[in-house]
Amino acid sequence: YFVSLNTLLYIFPHQLLLEVENINCIAVDWKAGAKGTYISAVNNIRVIGAEVAYFIKTLQKIFRYCLCKIHLIGHSLGAHAAGEAGRRIQGIRRMTGLDPAGPYFEGTPPEVRLDPSDANFVDVIHTNAAHFPAIGFGMYSTTGHLDFYPNGGTVMPGCTDLIPEMKQSDFEVIIADATMIGGCHHSRSHEFYFASILHPTGYLGYHCET
């Protein structure tokens, strides 16, 4: 397992994963690359994805590690970084995107974002997929073989932070100056995923209309 975290504020899932499986879990700490503006962090995911891909190739070369055993997990920009790694190495078994970042990725070609072609199986949890003019830090479009939208995937019950509406110019200013994309709704995706590790049959899902 490779887990991409763009901030150390998030709970590491290592202990949860190790409770249910005998695995190697490797965290990718790229907080230095996520510093500064949001735009610079967006650009840096290409480097992060390339480094992860290089590391996987090293595991293959030295230890003959099989891609059939690799599962990449990424939150927000980390989801697209995982996708970049998968684009460079075809055949990764599974990839999980936790509310993949929306700004500068929504509506873009598959080559620059998380996409079903990045792994043999790509599953995604959307929790902050608001359409403009509402502020949403996640993607609304499907980006995997199986996309989950808990409670509609936009506003999460129990979160008190607001999702206001604004003009396009205001939105661009906020994104350009953002130092960290977070918020209760956006981070709820990894809480859902962590809970699913310990309780794999704890959720009931329905097919979306579209």
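This is a predicted model: local features need pLDDT of at least 70, side-chain atom pairs count only at pLDDT 80 or more; totals for chains, interfaces and linings use all residues.
Modeller: Local features here need pLDDT of at least 70 and side-chain atom pairs count only at pLDDT 80 or more, whereas totals for chains, interfaces and linings use all residues. Residues are numbered from 1 along each chain as its sequence is written, and side-chain values use heavy atoms, with hydrogens and water left out.

Colleague: Why is α3 called oblique to α4?

Modeller: The axes of α3 (residues 38-63) and α4 (residues 77-88) come within 7 Å and cross at roughly 45°. Angles under 35 degrees count as roughly parallel, over 145 as roughly antiparallel, 65 to 115 as roughly perpendicular and the rest as oblique, so α3 is oblique to α4. The crossing is right-handed, the term for a near helix turned clockwise from the far one by less than a right angle.

Colleague: Which residues of α4 make the contact?

Modeller: With contact meaning heavy atoms within 4.5 Å, α4 contributes L77, H80, A81, E84, A85 and R88, and they meet residues of α3 including Y38, V42 and K57.

Colleague: What volume does the largest pocket have?

Modeller: Its volume is about 1100 Å³, taken as the space filled by probe spheres set on the grid points. Of the 34 residues that line this pocket, the closest to its centre are I125, L146, D147, F148 and Y149.

Colleague: Which element gives the most to the lining of the largest pocket?

Modeller: That is α6, with four residues, and the elements that give two or more are α1 (14-20), β5 (121-125), β6 (146-148) and α6 (184-198).

Key:
On a 1 Å grid over the protein atoms alone, a cavity is a set of points where a 1.4 Å probe fits but cannot get out, and a pocket is an open set with protein on both sides within 12 Å along at least five of seven lines; lining residues have an atom within 4 Å of a point. Axes are lines fitted to C-alpha atoms, for helices over the stretch in contact, and angles run from 0 to 180 degrees between N-to-C directions.
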